[in-house]
There are 4 protein chains.
Amino acid sequence: MNDRAYALFEEQQTARGINLVEVKASLKALRIETPSWGYGDSGTRFKVFQKAGVPRNPFEKFQDAAEVHRLTGLAPSVAIHIPWDKTEDYGKLRSHAESLGLSIGAVNPNLFQEDEYMLGSVTNADASIRRMAINHLLECVDIAKETRSRDLSLWFADGTNYPGQGHIRNRKRWMQEALEEVYKALNADMRLLIEYKCFEPAFYHTDLADWGMAYNLAQKLGPQAEVLVDTGHHLPGANIEHIVAYLLDERRLGGFHFNSRKYADDDLIAGSINPYELFLIFYQILSARQDGGAEVAESVEHIAYMIDQSHNIEQKIPAMLRSVLNVQTQYAKALLIHLDEVNAAAARNDVLGAEHAVRSAFECDVTPLLHAVREEQGLPLDPMKSYLAGSYGDSILARGKGGASW
Amino acid sequence: MNDRAYALFEEQQTARGINLVEVKASLKALRIETPSWGYGDSGTRFKVFQKAGVPRNPFEKFQDAAEVHRLTGLAPSVAIHIPWDKTEDYGKLRSHAESLGLSIGAVNPNLFQEDEYMLGSVTNADASIRRMAINHLLECVDIAKETRSRDLSLWFADGTNYPGQGHIRNRKRWMQEALEEVYKALNADMRLLIEYKCFEPAFYHTDLADWGMAYNLAQKLGPQAEVLVDTGHHLPGANIEHIVAYLLDERRLGGFHFNSRKYADDDLIAGSINPYELFLIFYQILSARQDGGAEVAESVEHIAYMIDQSHNIEQKIPAMLRSVLNVQTQYAKALLIHLDEVNAAAARNDVLGAEHAVRSAFECDVTPLLHAVREEQGLPLDPMKSYLAGSYGDSILARGKGGASW
Amino acid sequence: MNDRAYALFEEQQTARGINLVEVKASLKALRIETPSWGYGDSGTRFKVFQKAGVPRNPFEKFQDAAEVHRLTGLAPSVAIHIPWDKTEDYGKLRSHAESLGLSIGAVNPNLFQEDEYMLGSVTNADASIRRMAINHLLECVDIAKETRSRDLSLWFADGTNYPGQGHIRNRKRWMQEALEEVYKALNADMRLLIEYKCFEPAFYHTDLADWGMAYNLAQKLGPQAEVLVDTGHHLPGANIEHIVAYLLDERRLGGFHFNSRKYADDDLIAGSINPYELFLIFYQILSARQDGGAEVAESVEHIAYMIDQSHNIEQKIPAMLRSVLNVQTQYAKALLIHLDEVNAAAARNDVLGAEHAVRSAFECDVTPLLHAVREEQGLPLDPMKSYLAGSYGDSILARGKGGASW
Amino acid sequence: MNDRAYALFEEQQTARGINLVEVKASLKALRIETPSWGYGDSGTRFKVFQKAGVPRNPFEKFQDAAEVHRLTGLAPSVAIHIPWDKTEDYGKLRSHAESLGLSIGAVNPNLFQEDEYMLGSVTNADASIRRMAINHLLECVDIAKETRSRDLSLWFADGTNYPGQGHIRNRKRWMQEALEEVYKALNADMRLLIEYKCFEPAFYHTDLADWGMAYNLAQKLGPQAEVLVDTGHHLPGANIEHIVAYLLDERRLGGFHFNSRKYADDDLIAGSINPYELFLIFYQILSARQDGGAEVAESVEHIAYMIDQSHNIEQKIPAMLRSVLNVQTQYAKALLIHLDEVNAAAARNDVLGAEHAVRSAFECDVTPLLHAVREEQGLPLDPMKSYLAGSYGDSILARGKGGASW
């Protein structure tokens, strides 16, 4: 059935004018970074539910990540979080990763879990706390050098809960000063990815509240600073794909933290609540790659696709499998958009024609395509089924409950 | 200065047609319940910051609550949370409360912190977990009888994170079955207060998502079931005072959980983000008391005003003082609305006149009024200043860090 | 290619356990009512753009609607709006409709375009305006009897812009009194469909603001009153499919006004902004039909599926075609959900399994299925292509610009 | 009573450390521009309600504006909209304004009411429409030179309703090209104020969707381009005062369009829905003026405070009076914030102290202060009462119904 399905798919897509050779090549090149913390226990402010089998240390997290990569071929790197993944010898962690066919991805400093950071880290009114925070950032730059990570990925919980609580413009200046110091410490091939978030854990103002603040800061810092878009960090209704297109055009889109949301920063599995939105994000990326010019196309190549979710109630590894598979699915669908057709319709102000050209790609079933790609890559056709039928899930139960969490 | 200020205030309000004798009587009758958990450590999913001096057990929580009541005269009862306030002998806890001039207020069951409740409590697909949850509710009814609490205050974290995860209509039925059993266990003078919330900790659907679901359920249960409005539990833009007016007209408004929000369920100090909204809530209540008929007026008398907040970054007792004082302030302002004038303007379709009649009361400075009332009640004129100047705050530091939290 | 595609589709769906005979029967039974006003000019408050070819009167609107039905087989009835479709002789309009193979659907009173209604119609503080509004409603009941329409579809623009402007509880009472009078005028086989909306054109409060208010009112009126869900009339984040499931369980879901929104009441083409949401609505309906019991299943049969959109910038007839086709597509996908599988996964608390069982149906490409159904019904396989290739669109240009609008 | 009230107020504020001489000077310097279109009929997409007495031409609009200024001393300039205020001879309009004690304020081009602009003006895919739009902008620059207006105030309705409809990055480029051409046409003392809006009339994407896009564009254009903040143009929850502080720090805040909103772009009277927000905006402005440095202070002096509202249901002139008075009231309250106290509390991380220092100023009743200022300026103490008691409102009824509208 699979062969016939692919043959038919090929026929249909060829009739639509789609070049499947290029589509497959793009799919094989897709890389999605999974986060070490996505394998551990997580929760809401009301409760962290502990699960049996959760890894007890960074080394076990990499083992689980290797299982995700083994089954999907999609996830060859793992982001780490300091101090959650603190270890004596990062060279050893890197060797461990490499022995599993993985590399260490973005290094994520943690500036929100020390008592000192209650009222801010790099924007704290207390200069000694700002110093402590900057030192931690610099330590993370050093770790990134050891782990050979390209990206330092910065999310700040900094903000205030009440009007007057903080001096907003002073805090803005302190943020810039801190990042200028960190920027200088980077190697020439490293990047600073600056994340923004509208609220939580601060509930009145967040120092980097939206893409505009992150972008403006990146511009001031220099070409190695770029914006990181977390799909859950926007106000209701925000058009994320517009922001993506905008940042691409300015060549400041460094990467993504993928996850799903219906309300706030819900951190659900990517592609599970509004799959069309994820598809439309990829549409903008592929559109920019096609006609944005050489520099933008180059910039598209360096986008870091990363998962950042909280699997509070799900089994961790299956949840991560579902996440990377959902991203792959929407990417595959976006690759079936006949961009020239969309653009031609838009150029002649044919509203319904242009809309149809985009949506009709989304309505394609890409299962035959993904099966074919996986077959060519020697991967299981259905990674989730393969995992559930395999023994890895049982084997880790020996770890017991009470593994890593945050 | 205070005397002159009050004399002028009296003159001004009399000129506006306001009867200050009644206003003062209403102010003296105001009772705001504080929550035992508001004195303990709390936080976001990212971090709970521990504070020195936080009470280590229910008895110390009541001591702190007594300090709030001593200074304000506003907070004579304290809501408890089971099992956070679990104790061997609730009679002893009640005696302790009474010895401090307090009573025990609403009993709040906790159905979200046992591992079993990860996927729901009374709506769990597993009947044995539903049984366990109902038993806990029944236990809380028993406790309420011991503590002589009128209200059982029910908030359910029940909901789902993904489409398909739960059978929505079955869960609806299970919710109703559970509450029917609990309802039957109530004494005739007890009430079931049913809270609703649009999201968090569930991020796809919440079983009691809005006032309509809580109200419909209360109607099915009987006259002792009423709706509890938490001001932070609505979607962006929701007109809370409209809901309040609606529920009052149906005589199903049981009480409030006051707190402030700008984004989601931010749980900030009541009256700190949008004080006008709190004022408008009281406007609807006072309007219903005036012309809603005898039964509605009776129902207004039984509204439970309760604080429900998370003081993540604030000192606990001052945060609670600020909260009850803010509620008092907005209530005082609402008492200065000349309702007949508003209604007359509305009746003649005078848009600007009616709006002005409401807003102009909000613009009054009620400080002289509150000073006068406190003086007549033998309370400190400025409870916050009095607290900061006093020794209680220092005295509790001996408790150290690591007190009660959730 | 189509035959092979359908053969493969059949094989795949049979393997998934789906009974395509039933699926096809359901698809053939789908009826979507289009609104007469959807064929006319519309716009935003900033501008109504006039299009050539727009119908100049109700009779021409029915001609356009007949073209939509001729191509899709989906849209055999047309909702009318009074006075926009006012005519001397409704019997004549009905004959005209019937001669085109159409019937007259819901009658929609208009209570927002007379000067008198500026501050409310049935909730106006002025009793004579309330009388005028009720009389218009009664006139519409009479028209519905003449047009043999089952449903009176009620949307009220009533609300206020400012606190104090209206007496909220009095307005609530006036609303109820008005509808009680209208309810009594209905024939036994007629229904009152009550729509709700959170805001616009009123910006402080809307008298029927949410499903809870519409539902409570319907309950008070009697069994012939039901709730109408307009998919664009909710606050950001509202879980519409939850509301649908809830109303179905209470047997008070009368029908839908379908359209898409990203921000407010955007009135875009159904299924164009978040197609998964439309699919999930149908999932809840089909789930209720399957296991909600006989009465709920009966109630599902009577749901009125109606389009209500503003095609401000699109060609009118293609926009309507796209709308009904999108609804059909999502309904077809929902019919591929293996409900027993979803429910079994939910019953064993298998979060990822249940989620997958729902989403995987959405990922199917239903083109072969829809082609097969259309072929069996003697319809064009691609109604849009057929329309664009046909001459109807050109033929109506003779109408010129300046047709019907609102 | 007024004298005693002011004496007491002075005593109280002096005790708080406030310098009333400076406060009064600031109040007397406040200038709020009213919009010519705010005096005409307006409405929602559902209905424009015509009012008797509405001005029939620009000259009558200025007469009404003069009445607002005569009573308040606050509104000496009037923004005009082209072509709504198109006239043969702008010199004559200017003389008319000056004869009434007014000047002509910002010139607002209109790029949304010609049929050609249905799918965009400066971002239309059709180059000839882009040219037409740019020419209109250049015409408005010429008009501004004739009217001696400093500011060209640009709001674009440009955007799309559907994914794919427009090429987002091309449109971004066209927007920039257009404004570069307009920028070059400005005199050295003129400014380009760039407004942003998240949605409406476009419902999928707006080309200038948020402050970040407007700001980035302003930066590219040069120092005469600044951002215009319309308080109704943000997504739910947006912290507007944070954006204000941010733009001030970058010296790119050109001005405001004041109005109130609860849901979307509701365009209600400024200060009527959430007065605290308006106060907090002024707090950030005054804070920046105090300690932002000389250049920021200079930039604060040039902020254009403008009203932009739709008085759909209100009498026009009283609605405008209420608007400017509400702005004045919140500005007065903000002037009572003891900034040093706030900043000192923030600097020592005293959360509750800092919050209180801000909120306590809001709770002051500024009536005595405003009365004193008005008295010193020879203005009526209560401008609204004075208007209602006067004859102007009756005198304009002779204009009849059917005046200017949009």
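## About the model

The structure is a predicted model, in which local features need pLDDT of at least 70 and side-chain atom pairs count only at pLDDT 80 or more, while totals for chains, interfaces and linings use all residues. Residues are numbered from 1 along each chain as its sequence is written, chains are lettered from A and ligands numbered from 1 in the order in which they are written, and side-chain values use heavy atoms, with hydrogens and water left out.

## How the copies are related

Let's start with chains A and D. Chain A superposes on chain D by a rotation of 180° with 0.0 Å of shift along the axis, at an RMSD of 0.0 Å (least squares on the C-alpha atoms of residues with pLDDT of at least 70 in both copies). That is the relation of a two-fold axis. A:Gly212 is the residue of chain A that comes closest to this axis, with its C-alpha at 2.1 Å. Because 100% of the interface residues of chain A are also interface residues in chain D, the copies meet through the same surface.

Chain C can likewise be laid on chain A by a turn of 180° and a shift of 0.0 Å along the axis, with an RMSD of 0.0 Å. Here C:Asp365 comes closest to the axis among the residues of chain C, at 2.5 Å (C-alpha).

## Where chain C meets chain A

The contact (heavy atoms within 4.5 Å) takes 37 residues from chain C and 37 residues from chain A. About 3000 Å² is buried between the two chains, and carbon and sulfur atoms give 60% of that area (the accessible area, with a 1.4 Å probe, that two parts lose on being put together, summed over both). In chain C, the residues that lose the most area to chain A are C:Leu8, C:Leu352 and C:Glu363, together 18% of what that side buries.

One joins C:Arg4 to A:Glu11, with the closest N and O atoms 2.7 Å apart.

## A serine in chain B

B:Ser153 lies in strand E6 (residues 151–154) of chain B (strands are DSSP runs of E, at least two residues, numbered from the N terminus). At 1% relative accessibility, B:Ser153 counts as buried (under 20% relative accessible area, 1.4 Å probe, protein chains only). Beyond its neighbours within four places in sequence, B:Ser153 is in contact with residues including B:Leu193, B:Leu228 and B:His257.

Key:
Helix = DSSP H or I, 4+ residues; strand = E, 2+ residues; numbered from the N terminus. Buried < 20%, exposed > 50% of the residue type's maximum accessible area, 1.4 Å probe, protein only. Salt bridge = Lys/Arg side-chain N within 4 Å of Asp/Glu carboxyl O.
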